[in-house]
Amino acid sequence: MKPFASTLLIPTGQLQPHSQHVTRRLSSMRGQYADLAAFERMLEQGDPLVYEVFENQVPSRPGELAHGTSVVHPGRVGDEYFMTKGHFHAVPDTAEVYHCLSGQGFMVLETAEGEWAAEEFVPGRIVYVPPFWAHRSVNAGDTDLVLFFAYPGNAGHDYRTIEERGFRKRLVEKNGAPTVVDNPHWGGGA
Ligand code: PAN
Ligand code: ZN
């Protein structure tokens, strides 16, 4: 690798230049939102863009640091806020650092052993994702949630475990405030 630089535009989260731009629409997250009827109703009216990731890829080696931005757009499916798919790292003993640049929300985390946490994102806040913790970003505000992240180049992503099992906790709006609740579908058929 040679040194390189990119510019992170605030508040949009655009990274210039970037080698990868991932867009995730609601249809790619079937089964992850608890209110299945609200999910289908929303899809019938279109397929909203839920989040985007801008990244500069690096070689898949432990000494490298992949980094980029994620932008979770505001919205809800029923009472549940727009969120990322979430994942464990495929090499599970790899950590990650997130830095919130704009917007507000939460990082929802859990381990295979049953621990969980919800760390708040406000501009300036840094959240550390330790090795072995699955993580999902949730936008609990009404503007884009813009995050910078960095993680080891060899970490990879295990999406299947979350697709099959879901997260133990959900972030929903209750009486006008973001609230952590149990996931009724956790453990299978999420
Ligand atoms: C981030 C995430 C990004 C999108 O780069 O990949 O926020 O979330 P999903 O990957 O869950 O769709 C990261 O955590 N990388 O390891
Ligand atoms: Zn990650």
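Biologist: In which strand does T69 lie?

Modeller: The model is a predicted one, and the strand in question runs over residues 65–72. T69 falls inside that range, and the strand is β5.

Biologist: Is T69 buried or exposed?

Modeller: Leaving aside neighbours within four places in sequence, T69 is in contact with L8, G13, L15, E52, V53, F54, L147, F148 and F149. Because its relative accessible area is 0% and the cut-off for burial is under 20%, T69 counts as buried.

Biologist: What is the bridge partner of E52 in β5?

Modeller: Strand β4, which covers residues 49–56, pairs with β5 in the antiparallel sense over six bridges. For E52, the bridge partner in β5 is V71.

Biologist: Which strands stand at the edges of the open sheet?

Modeller: The six strands follow the order β3-β4-β5-β13-β8-β11, with antiparallel pairing. Two of them have a single partner strand each, so one side of each is left without a neighbour in the sheet, and these are β3 (20–25) and β11 (126–129).

Biologist: How many residues does the largest nonpolar core have?

Modeller: Among the residues with the most contacts inside this core are L26, Y33 and V77, and L26 itself touches both Y33 and V77. A second, separate core of five residues includes L15, V71, L101 and V146. For the largest core, the number of residues is 39.

How values were computed: Residues are numbered from 1 along each chain as its sequence is written. Chains are lettered from A and ligands numbered from 1 in the order in which they are written. This is a predicted model: local features need pLDDT of at least 70, side-chain atom pairs count only at pLDDT 80 or more; totals for chains, interfaces and linings use all residues. Side-chain values use heavy atoms; hydrogens and water are left out. A nonpolar core is a set of buried Ala, Val, Leu, Ile, Met, Phe, Trp, Tyr and Cys residues joined through side-chain atoms within 4.5 Å. Buried means under 20% relative accessible area, exposed over 50%, partly exposed in between (1.4 Å probe, protein chains only). Contact means heavy atoms within 4.5 Å. Helices (H or I, at least four residues) and strands (E, at least two) are DSSP runs, numbered from the N terminus. Two strands pair if DSSP finds at least two bridges between them.
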